[in-house]
Amino acid sequence: MSSYNNTARFSEARRVAIFGGTHGNEMSGVTLVNLWTKNGTEIQRKGVEAVPFITNPKAVEKCTRYVDTDLNRAFTPENLSAPGGNDLPYEVLRAQEINRIFGPKGSPEAYDVIFDLHNTTSNMGCTLILESSKDHFNLQMMNYIKKAMAPASCLVLMNEHPLLKYSTSRSVAKHPVGLEVGPQPQGVLRSNIFEAMRVILKHALDFIELFNEGVEFPPCTVEVFRVLEWIDYPRDANGNIIAMVHPNLQDCDWEPLNPGDPMFHTFDGKTIHYQGSGTVYPTFINEAAYYEKQQAFITTRRETLVASAIIKA
Amino acid sequence: MEVDQVVPLPRLPRVAVCGGTHGNELSGVYLVRELLKLQREVMKKEQEEDSKPALVLLVLSNPRAMQQCRRYVDTDLNRCFTHATLNGPLSDMAPYEIIRSRELNALLGPKGSPEAVDLVCDLHNTTANMGLCFIGYSDCDWICLHIFRHLQMPDTPMRFLHFDVSNKESYSLDSLGKHGFAMEIGPQPHGVVRSNIYTAMKVGVQHMLDWIRLFNSGNVFEGGFVDVFTMVKHIDYPRDSETRNITAAIHPCLQDRDFCLLHPEDPLFQTFSGETVRYKGTEPLYPFFINECAYYEKGIALSLARKRCITIPAIRVQTEQEQQANEQGFASEEEE
C-alpha cells in the first residue's frame with residue numbers, strides 16, 4: 001500500500017476465499033459454502049476468483065464446534081510451524097493445510113480477502129468483525145456493506161486488544177473479515193439468519209468488484225465497537241457456574257450497560273450488578289461456545305474510525 | 001364416567017426429578033444440581049409440613065454427556081428405555097448410554113414392576129419455540145393431567161403433548177415410573193442456560209412437588225377439561241437424493257410458530273433457491289418441535305398434532321383401606 005494525496009492504494013483484490021464450517025455446528029456458513037461449491041454463480045464477480053471452502057470438514061460431519069481444539073484459535077505462529085505430522089491435533093493439521101492453500105500468513109502470496117462465516121447464540125444481529133483499525137480497505141468495505149444494508153443494521157466489532165486478540169482462520173489473508181450472525185442455536189439452520197448472511201456477502205463481493213474496476217472510494221467514518229474485556233460467569237470454588245445472564249441483560253447485545261445495572265441472576269434468585277466505572281456496550285452475551293472459555297459476555301466501547309480514500313494501485 | 005365421581009388413586013410416595021438426560025439441555029442440568037444442593041432443606045420442609053412426605057429422588061441421568069456438554073456420547077439415552085433394550089443381552093462393547101439405562105432402570109424401576117418409583121419427571125429443553133410442554137404416553141393418566149392443570153404460569157404458554165405409544169414400545173426415561181412425563185421447555189439453544197427458561201422450569205418443578213404433597217395429604221382435585229395435543233406424524237426436510245443434505249430451511253412464516261394451526265397449502269419450507277414448499281396434508285394440524293436441532297439427524301423438521309379436549313375426573317389419594325383392598329384384589333386375581 002502507498003499513499004498519494006491521502007488516498008491509500010491497494011493492489012487488486014483478486015483472490016477471495018469464503019470460509020464456512022470453521023465451527024462445524026454454525027450452520028449458515030456450512031450451508032452457504034456447500035451451496036456455492038455445487039453452484040458458484042451467485043458469488044461470481046468480474047475480476048474476482050471467489051473460492052468457497054469448508055475449513056473443518058470433520059467437525060462439520062459431526063455437527064460439532066471442533067474435534068480436538070478450536071480451529072478459530074489455532075492459527076498461531078507456533079501451530080503453523082509445528083513439526084510432528086499426524087501426532088498433532090486435527091485442527092492444527094487443518095490450520096497448517098489452510099495456511100498452505102490460502103497463505104502463507106504474512107506473505108505476498110497470501111489470499112487478498114477471506115470471509116469467515118460464523119453464527120452465534122447471542123442476539124448480535126449482523127456483525128462484521130475487524131481485526132485492525134488500520135486496515136483501510138476493510139474499513140471501506142464495511143462502510144459499503146453497512147450503507148447497502150441500511151436501514152437494516154450491520155455493526156462492526158473490532159478486536160485489536162493485544163491480549164484478547166486471537167489467531168483466526170481468516171488471519172491467513174491480507175484482509176481478514178469475520179461475519180457473525182445471530183441469534184441461532186448451534187446445529188440449527190434458521191432461514192432469516194441464512195438469508196441475512198447471504199445478503200452481507202453479496203454486498204461484500206459487489207464492493208470488491210467495484211474496487212477492482214478502479215472505483216475510488218472517498219474518505220469515510222465508520223462506527224465500530226472496540227473490544228475492552230471479557231466478563232466470566234460467577235463461579236464457586238470448584239469452578240461451577242453459580243449464576244446466569246440476568247433477564248435484563250439477556251438478548252441486549254449492543255445496548256448500553258451502566259454501572260449498577262443487573263448483570264447476573266444466581267440460581268437462588270439474587271441479582272449481581274455491573275461494577276464497572278463507566279457505560280459499556282456488551283456483546284456475545286450468552287454465547288454457548290464461550291461457557292468453556294470462561295466468557296459470559298464481552299464489553300466494548302463505541303469509537304469512530306476514519307478511513308482514508310482508497311483506490312486500486 | 002361421571003365428572004362428579006371422585007376417582008381414588010394410589011399414593012405417590014416416591015418421585016424422581018431427572019436432569020441432563022441430554023447433556024447439553026442445560027436448564028435441567030443446572031436445576032437438578034441446584035436442587036441437590038438444597039436437598040436437605042427440601043426434605044426437611046416436607047417433613048415439617050406433612051406427616052406423609054414424598055421421597056424426591058434427584059438424578060443427573062447422563063453425567064458423561066453433561067461433562068462434554070453434548071446430547072449423548074454413543075447413543076441417545078432417551079431412546080434406550082424400551083423393555084427390549086433394558087432386558088436384552090449386554091455385550092462388553094455396549095454403548096455408554098445402554099449401560100447407563102440399565103443403572104437408571106435399577107435405580108428408578110425396574111420398569112413395569114411394583115418397586116418402580118411412582119412418578120418420573122424428566123427435564124428437557126428444545127430449540128423450538130414450544131413454551132412449556134408436558135410430554136406423555138397416555139391421554140388418560142389422571143395424575144399427569146392433573147399436575148399439568150395445576151401448573152399456572154402467567155408468562156409461559158403450556159401444552160400437554162401426547163405420544164400414543166403403548167407401554168411395550170415406550171422408550172423414554174419417564175416410562176420407568178408408574179407415572180411419568182417429560183417437562184420440555186423452549187426456546188433455548190443447546191449448551192446455553194437462559195434465565196427465563198430456567199426460572200420457568202424451576203417454578204414448574206416446585207408446583208409439581210406442591211401438587212404431590214397436596215395429593216398425598218388427601219386433597220380432592222376437581223375434574224374438568226384439558227386440551228391434549230396428540231402426535232399424528234413427522235415431516236422431514238427436503239433432502240438432496242445423493243448426499244441426503246437438507247435443501248431447504250423451515251419457512252420464515254412457520255419458524256417459531258409452534259402450536260399455531262397449520263392449514264393445507266401453508267408454507268413449510270423455503271429452498272435455498274427461494275422456492276416455497278407447502279403443506280400438502282388435507283387436515284389442518286398443530287405443528288410442534290419446529291426446527292429442533294437434535295431432530296435433524298432423526299429426519300424430523302417438525303411434528304404435527306391433533307388437538308382434542310379431554311375430560312378428566314376429580315381425583316384424590318386412596319385411603320389405607322382402599323389401598324389394602326386394591327392390593328388384595330390384585331393378589332386374588334393372581335391366585336385365580
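This is a predicted model: local features need pLDDT of at least 70, side-chain atom pairs count only at pLDDT 80 or more; totals for chains, interfaces and linings use all residues.
Student: Which domains does chain B have?
Tutor: Domain bounds come from an automatic or database domain assignment. For chain B, the assignment gives domain 1 (10-221) and domain 2 (232-309). Their centres, taken over C-alpha atoms, are 28 Å apart. The contact (heavy atoms within 4.5 Å) takes 19 residues from domain 1 of chain B and 14 residues from domain 2 of chain B.

Student: How much area is buried between domain 1 and domain 2 of chain B?
Tutor: Buried area is the accessible area (1.4 Å probe) that two parts lose on being put together, summed over both. Here the value is about 1300 Å², with 55% from carbon and sulfur atoms.

Student: How many salt bridges are counted between domain 1 and domain 2 of chain B?
Tutor: A salt bridge puts a side-chain nitrogen of Lys or Arg within 4 Å of a carboxyl oxygen of Asp or Glu. The count between these domains is two. B:Asp139 and B:Arg308 also form a salt bridge, at 2.8 Å, N to O.

Student: Which strands supply the side of domain 1 of chain B that touches domain 2 of chain B?
Tutor: Strands are DSSP runs of at least two residues, numbered from the N terminus. Strand E5 (131-136) and strand E6 (158-162) of chain B each supply at least two residues of that side. E6(B) gives the largest share, three residues.

Methods. Residues are numbered from 1 along each chain as its sequence is written. Chains are lettered from A and ligands numbered from 1 in the order in which they are written. Side-chain values use heavy atoms; hydrogens and water are left out. Helices (H or I, at least four residues) and strands (E, at least two) are DSSP runs, numbered from the N terminus.
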